[in-house]
Amino acid sequence: MAENTQESAAESQEAAAPLDPQAVKNAQLLALLQRLFGADTFMDVEEPYGLLTVTTTRERIHEIIAGLQQDQELQLNFLTTMCGIHYPENEGKELGMIYHVHSLVNNLRLRIKIFFPIADPVVPTLTDLYATANWMEREAYDFYGIIFTGHPNLIRILNVEDMDYHPMRKEYALEDGTREDKTDLFFGR
């Protein structure tokens, strides 16, 4: 009896999964991406909170974003966000960029990630595709040290020019251990 209940629950879950409209949209979008750019182009496909997230390489990112922008069916022509990330524990893939593109017409969203070594933080610019990429790339350069080849004015945007480090990299302690004005008694540590 319990076996039949488990089987029917599994069957109902399988039947309900295709009914989720966001999951269906994501599956269609992924199939179209793989058809346009090749099945081996995207790794680590995820759907956190219903947002299709794929990982690719920095060598292909410009081609992919340009293709998505120009594709008449998808119309992913709005670059919502792009930002740098730093995972110091990922050997050979310490730095990365995240791109969010959006189709206002089709109500589609896509997150694309790329990773690369901190010793070679070079990524192609998207300023030739999106004017808004200019300041977002300057911010990633300022805070993470990511260099965008082809950028028209890659200088710091928020920090002072003579800074010799990139403050969002996880290379520095969060607190100064030598401070004497803070005691554990007051901060519950």
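1. Contacts of His151. In this predicted model, His151 is in contact with Thr125, Thr127, Asn134, Glu137 and Arg138, once neighbours within four places in sequence are set aside. The residue sits in the loop between strand S7 (147–149) and helix H5 (184–187). Although placed in a loop, His151 is buried, at a relative accessible area of 10%. A polar atom of the His151 side chain lies 3.1 Å from the backbone oxygen of Asn134.

2. Asp142 and Arg156. The loop that holds His151 also holds Arg156, whose side chain meets that of Asp142 in a salt bridge with an N to O distance of 2.5 Å. Asp142 belongs to helix H4 and Arg156 to the loop between S7 and H5, so the pair ties together parts that are 14 residues apart in sequence. Is Asp142 buried or exposed? Asp142 counts as buried, with 0% relative accessibility. Arg156 counts as buried too, at 8%.

3. Other salt bridges. The count for the model comes to 5 salt bridges. One of them joins the side chains of Asp120 and Arg58, at 2.7 Å from N to O. Because Asp120 lies in the loop between S5 and strand S6 (122–124) while Arg58 lies in helix H3, this pair ties together parts that are 62 residues apart in sequence. Asp120 is partly exposed, with a relative accessible area of 34%, whereas Arg58 counts as buried at 12%. Through shared partners, salt bridges join Arg58, Glu59 and Asp120 into one network.

4. A pair within H3. Glu63 forms a salt bridge with Arg60, the closest N and O atoms being 2.9 Å apart. Both residues are in helix H3, 3 residues apart, so about one helical turn separates them. Glu63 counts as partly exposed at 40% relative accessibility, and Arg60 likewise counts as partly exposed at 25%.

5. The sheet. An open sheet of 5 strands has the order S1-S2-S5-S4-S3 and mixed pairing. S1 and S3 are the edge strands, each pairing on one side only. On average, and ignoring direction, neighbouring strands of this sheet are turned by 15 degrees against each other. S1 and S2 pair in the antiparallel sense over 2 bridges; Glu46 has Thr53 in S2 as its bridge partner. Helix H3 packs on the sheet and touches S2, S4 and S5, its direction making about 165 degrees with that of S5.

6. The nonpolar core. Which residues touch the most other members of the largest nonpolar core? Of its 37 residues, these are Leu68, Tyr99 and Leu110. Elements giving two or more residues to this core are helix H2 (21–37), S2, helix H3 (58–70), strand S3 (78–86), strand S4 (95–103), strand S5 (108–116) and helix H4 (133–144). Beyond residues up to four places away in sequence, Leu110 touches Leu29, Leu33, Leu51, Leu52, Val54, Leu68, Leu76, Tyr99, His100 and Val101. In soluble globular proteins, nonpolar side chains tend to be buried together.

7. Thr56. This residue is placed in strand S2 (residues 52–56). Thr56 is buried, with a relative accessible area of 3%. A polar atom of its side chain lies 3.1 Å from the backbone oxygen of Thr41. Apart from neighbours within four places in sequence, Thr56 is in contact with Thr41, Phe42, Met43, Ile61, Ile64, Ile112, Lys113, Ile114 and Phe115.

8. Positive phi values. Most residues other than glycine have a negative phi. Tyr49 has a positive value, near 55 degrees, and phi of Gln75 is also near 55 degrees. Where do these two residues lie? Tyr49 is in the loop between strand S1 (43–46) and S2, and Gln75 is in the loop between H3 and S3. Tyr49 counts as exposed, with 88% relative accessibility, while Gln75 is partly exposed, with a relative accessible area of 24%.

Note on methods. Residues numbered from 1 in each chain as written. Predicted model: local features only at pLDDT ≥ 70, side-chain atom pairs only at ≥ 80, totals over all residues. Heavy atoms only, no water. Helix = DSSP H or I, 4+ residues; strand = E, 2+ residues; numbered from the N terminus. Buried < 20%, exposed > 50% of the residue type's maximum accessible area, 1.4 Å probe, protein only. Polar contact = N/O pair within 3.5 Å; in protein donor to acceptor, adjacent residues only side chain to side chain. Contact = heavy atoms within 4.5 Å. Core = buried A, V, L, I, M, F, W, Y, C linked by side-chain atoms within 4.5 Å. Pairing = 2+ DSSP bridges. Axes fitted to C-alpha atoms, helices over the stretch in contact; angles between N-to-C directions. Salt bridge = Lys/Arg side-chain N within 4 Å of Asp/Glu carboxyl O.
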